Amino acid sequence: MRLRIPVTALIAAMMMFAGYAALFIAPDEKTMHEIQRIFYFHVPSWSACFSAFFIAFVANAAYLATRRQQWDALGVSAAEVGVVACTLGLVTGPLWAKPVWGVWWTWDARLTTTFILWLLYISYLLLRGLIDEPGKRATLSAVFGIFAFLDVPLVYMSNRLWRTQHPAPVFFGGEGSGIDPTMGKVLGFCIVAVLCLMVLVLVDRYRLERLRWEVDEVRQELESRSLDFERRETHSVPAEGRQ
Amino acid sequence: MKNFENLFIAWMCVWAIFFVYEVSIARRMGQLKKEIDELKERLGKG
């Protein structure tokens, strides 16, 4: 907790510098010019999204193996942070697509699988809200979370497996892929900054989940005490009636 | 600068979405802390 303020300040500074580097240090791209700089917010959003969903996947699997509540809390926290990062990717993508492709959106394999991914994790969060019993909620959502994660490799591989409107992979895309070294360094820094921000938000979201447990525990204690009181009351009535 | 508006909107969206989300977490935490205090008070009285 003592480190909270300096860490937050450091990450805010990193984000500021990432913005500055994306707008002023990265070289201009030959065909798309300024609009290509969305790349430095768009790709880090997806890195944060996939990392968060991977954490959720590991936490969901760990919950099913151990039944420890901490894993359930981490799973839901990471899934929610992943949805936020996914939303960022889905907002910045069309803003880049419109001037370059002439359309905001197209139902190609990459965009469609990505939209399905967003819907899957929204459903995961909604599912949790529909189940009251904590154990059942954690188990069902862990199973659903593992199923939802199956779409992540599909999104990643979609522009390798099918012809898409979305550009071919820039990294690990085989011959002809890759970017200018300065662009690569700026992108690397932006990814690190956004990942650090994601971790900071994830820690906060996890603390929120811990508070939820505390509320549930205090409520249960209150309910058990009132049940005890009711039992004592019902036992005392016939005794009084006999007198 | 051509298409500067879209670039600016994208940059603002990144900050705005993270900021709104962080504020929502803080607000939910505040509500839960208040609820815990109220429940503990009832527990103390009971």
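Chain B of this predicted model contains one helix and zero strands. Along its principal axes, the C-alpha trace of chain B spans about 70 × 5 × 5 Å, and of the 46 residues in this chain, buried residues make up 13%. Contact between the two chains involves 27 residues of chain B and 29 residues of chain A. On the side of chain B that touches chain A, 17 residues are nonpolar, three are polar and seven are charged.

Confidence in chain A was examined next. The average pLDDT of chain A is 89, and 94% of the residues score at least 70. Within this chain, the highest confidence is found in H2(A), with a mean of 96, whereas the lowest is found in H7(A), with a mean of 85.

The largest nonpolar core comprises 58 residues, among which A:Ala52, A:Ala78, A:Ala85 and A:Met198 touch the most other members. At least two residues of this core are supplied by each of the following helices: H1 (4-25), H2 (39-66), H3 (69-101), H4 (109-130), H5 (134-149) and H7 (181-242) of chain A, together with helix H1 (4-45) of chain B. The largest share, 15 residues, comes from H3(A). When neighbours within four places in sequence are left aside, A:Met198 is in contact with A:Ala48, A:Ser51, A:Ala52, A:Val81 and A:Ala85, and two of these partners, A:Ala52 and A:Ala85, are themselves listed with A:Met198 as the core members that touch the most others.

A further residue, A:Ala59, has its place in helix H2 of chain A. Because 23 C-beta neighbours lie inside 10 Å of A:Ala59, this residue counts as buried, the cut-off for which is 20 or more. Apart from neighbours within four places in sequence, the contacts of A:Ala59 are A:Trp71, A:Leu74, A:Gly75 and A:Ala78. Although A:Ala59 and A:Met198 are 139 residues apart along the chain, their C-alpha atoms are separated by 16 Å.

The buried residues of H5(A) are A:Ala138, A:Ser141, A:Ala142, A:Gly145, A:Ala148 and A:Phe149. Seen down the axis of H5(A), these buried residues fall within an arc of 125°, and they therefore line one face of the helix. The cover over the buried residues of H5(A) includes H2, H3, H4 and helix H6 (151-161) of chain A. On the face of H5(A) turned away from the buried side, the exposed residues are A:Gly135, A:Lys136 and A:Phe147.

A residue with contacts in both chains is A:Lys98, which touches A:Val103, A:Trp104 and B:Asn6 when residues up to four places away in sequence are not counted. This lysine lies in helix H3 of chain A, and, because it has 15 C-beta neighbours inside 10 Å, A:Lys98 counts as partly exposed. In sequence, A:Lys98 and A:His33 are 65 residues apart, while in space they are 14 Å apart, C-alpha to C-alpha.

Conventions:
Residues are numbered from 1 along each chain as its sequence is written. Chains are lettered from A and ligands numbered from 1 in the order in which they are written. This is a predicted model: local features need pLDDT of at least 70, side-chain atom pairs count only at pLDDT 80 or more; totals for chains, interfaces and linings use all residues. Two residues are in contact if their C-beta atoms, placed from the backbone, lie within 7 Å. Ala, Val, Leu, Ile, Met, Phe, Trp, Tyr, Cys and Pro count as nonpolar, Asp, Glu, Lys and Arg as charged, and the others, Gly among them, as polar. A nonpolar core is a set of buried Ala, Val, Leu, Ile, Met, Phe, Trp, Tyr and Cys residues joined through C-beta atoms within 7 Å. A residue is buried if 20 or more other C-beta atoms lie within 10 Å of its own, exposed if 12 or fewer, and partly exposed in between; C-beta atoms are placed from the backbone. Helices (H or I, at least four residues) and strands (E, at least two) are DSSP runs, numbered from the N terminus. The arc is that of the directions from the helix axis to the C-beta atoms. pLDDT is the predictor's confidence in each residue, from 0 to 100.
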